[in-house]
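User: I'm new to this one. Can you walk me through it?

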There are 2 protein chains.
Amino acid sequence: MIKEEVCNRPIGVFDSGVGGLTVAREIMRQLPNERIVYFGDTARVPYGSKSQETITKFSKQIVRFLQTQGVKAIVVACNSVSACALDELEKDVDIPIVDVVRPGAKTAIGATKNGRIGVIATEATVGSGIYSRYIKNNSPDATVLSKACPLLVPLVEEGLWEDPVTDEIAGRYLAGLIDVGIDTLILGCTHYPIIRSTIGRIMGDGVALVNPAYETARELKELLQEKGLESRHRPGLGTGTELYKFFVSDAADKFQMFANSILTYGILSAKVINIDEY
Amino acid sequence: MIKEEVCNRPIGVFDSGVGGLTVAREIMRQLPNERIVYFGDTARVPYGSKSQETITKFSKQIVRFLQTQGVKAIVVACNSVSACALDELEKDVDIPIVDVVRPGAKTAIGATKNGRIGVIATEATVGSGIYSRYIKNNSPDATVLSKACPLLVPLVEEGLWEDPVTDEIAGRYLAGLIDVGIDTLILGCTHYPIIRSTIGRIMGDGVALVNPAYETARELKELLQEKGLESRHRPGLGTGTELYKFFVSDAADKFQMFANSILTYGILSAKVINIDEY
């Protein structure tokens, strides 16, 4: 029997920056009783253009920080980390870790009718080949086409969510996927759901868009239930336990502004910590 | 009298990534006898969207690394570092430091006829107000208009040097500067000289573009002469002293590719070091 004290511990959620907030938002929706400690590595963002070694080193530091916060489970809310560092992170901890790649890939396998699945992601995620490998292992007849879209993250971060430039750049990245007739597209970077409507318009109605955030939150829910780790009641105001805490490695103000445009729940403050001390 | 051994030491040049190579290129042109040790912080690039504290912390580590390489002078080939951290860096070392902001500002003061000077730069550089402060101190009647252009760096890094999207984005950033009738524009980020022709086309013939890289190399030359630190002869092949050495904190292959598209001198290799150990 798991003690209530453990069940009341927060979920650690992390990303290279703000993108993982789309995953945090889904966890808030689907698991309203759960406390969250979010960390965004805003001093070293982006990860998607960096090497596996560097991504692994940075994310190990973050996991160590989250453990100091007494988290009961960790959600890797970053595709690049899920793709490049998950195995290494799992070696370091004995609490459950949920990533964003496997849930998204599973959903895509269930959704495709013609077996042609597209993946858009960062260079690091595409370079790792992980979506393709996971999908092929579970659905050997599937065809997987991956496309790195390095400019989409800066366009989203600059707020060009509905803009002809974003249409043009997304159109260039997606053209090859349209040509080969995919019917399912995985939004393999946590920034992309923010421009979901642009991507949907370009791909057309015949293509199902998979947002791994939704499936990740669902997988987390199942995992917590299975292990008897779910929180039984929502921490109330004034109980001394904050529902959501946000930490960053730089520029808390900018993070707060972005967070408040993503989350329905307004965040009060984000605290800057020195992540390379962990 | 300065010993020849000291004169033969390399110049340390650093940037958050590849942009500073446009400054290194100018030093190679104007000071062909000088050896260079270049460091690009590719693990933590970009700096321009980060805070003064983080930029200062990162650049102090780099200066410590360059000192282990026995450099006789340091060139801060990054506007964001020059803008946010120069004073702090100067406290730490007793060798000459040349930045990119002051030389560029000086040239702009000399170049303007109508006293209206524009500056395009990163958010960090614009936020610091340094160009404006320096120009006003030296030319109190000048009007300085600064514009942060956060998307230009990723567009340059993605190789969209001649592309309608870069034209469109640059056009948006520059529109306000055209409206107020500047006659001189400082390219206040080391990536921008790479798209100089796009910027020149948008601004028109009546606007002088100032590339601080050229003036920085000239200032370095004067400083070395003044202090009797210039190298008297070009190190030859086979003397055991490499002319140019390149270090990065991540992804050496990608850096080499970019470097070889910028420099006329082909770089043989870049070595990855762990910068946060310094």
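**Helix α2 of chain A and beyond**

Analyst: In α2(A), the buried residues are L21(A), T22(A), V23(A), A24(A), E26(A), I27(A), M28(A) and Q30(A). Buried means under 20% relative accessible area, exposed over 50%, and partly exposed in between, with a 1.4 Å probe and protein chains only. Helices (H or I, at least four residues) and strands (E, at least two) are DSSP runs, numbered from the N terminus. This is a predicted model, in which local features need pLDDT of at least 70 and side-chain atom pairs count only at pLDDT 80 or more, while totals for chains, interfaces and linings use all residues; side-chain values use heavy atoms, without hydrogens and water. Residues are numbered from 1 along each chain as its sequence is written, and chains are lettered from A and ligands numbered from 1 in the order in which they are written.

User: Why is helix α2 of chain A largely enclosed?

Analyst: Because eight of the ten residues of this helix, which spans residues 21-30, are buried.

User: What do the buried residues of α2(A) pack against?

Analyst: They pack against β1 (11-15), β2, β3 (73-76), α11 (212-226), β9 and α12 of chain A. Contact means heavy atoms within 4.5 Å.

User: Now chain B. What order do the six strands of the open sheet take?

Analyst: The order is β4-β3-β1-β2-β9-β10 in chain B, with parallel pairing. Two strands pair if DSSP finds at least two bridges between them. At the edges are β4 (97-98) and β10 (270-272) of chain B, each pairing on one side only.

User: How many bridges do β1 and β2 of chain B pair over?

Analyst: Five, between β1 (residues 11-15) and β2 (residues 36-40) of chain B. D15(B) has G40(B) in β2(B) as its bridge partner.

User: Which helices pack on the sheet?

Analyst: Helix α3 (residues 52-68) of chain B touches β1, β2, β3 (73-76) and β9 (244-248) of chain B, and its direction makes about 155 degrees with that of β1(B). Helix α12 (residues 252-262) of chain B touches β2, β9 and β10 of chain B, at about 155 degrees to the direction of β10(B). Axes are lines fitted to C-alpha atoms, for helices over the stretch in contact, and angles run from 0 to 180 degrees between N-to-C directions.

User: Which residues touch the most other members of the largest nonpolar core?

Analyst: L185(A) and L185(B), in a core of 118 residues. A nonpolar core is a set of buried Ala, Val, Leu, Ile, Met, Phe, Trp, Tyr and Cys residues joined through side-chain atoms within 4.5 Å. Beyond its neighbours within four places in sequence, L185(B) contacts several residues, including G118(B), L174(B), I199(B) and V210(B). A second, separate core has 42 residues, among them V76(A) and V101(A).

User: What about A251(A), is its phi positive or negative?

Analyst: Positive, about 50 degrees, although A251(A) is not a glycine. A251(A) sits in the loop between β9 (244-248) and α12 (252-262) of chain A, and counts as partly exposed at 22% relative accessibility.
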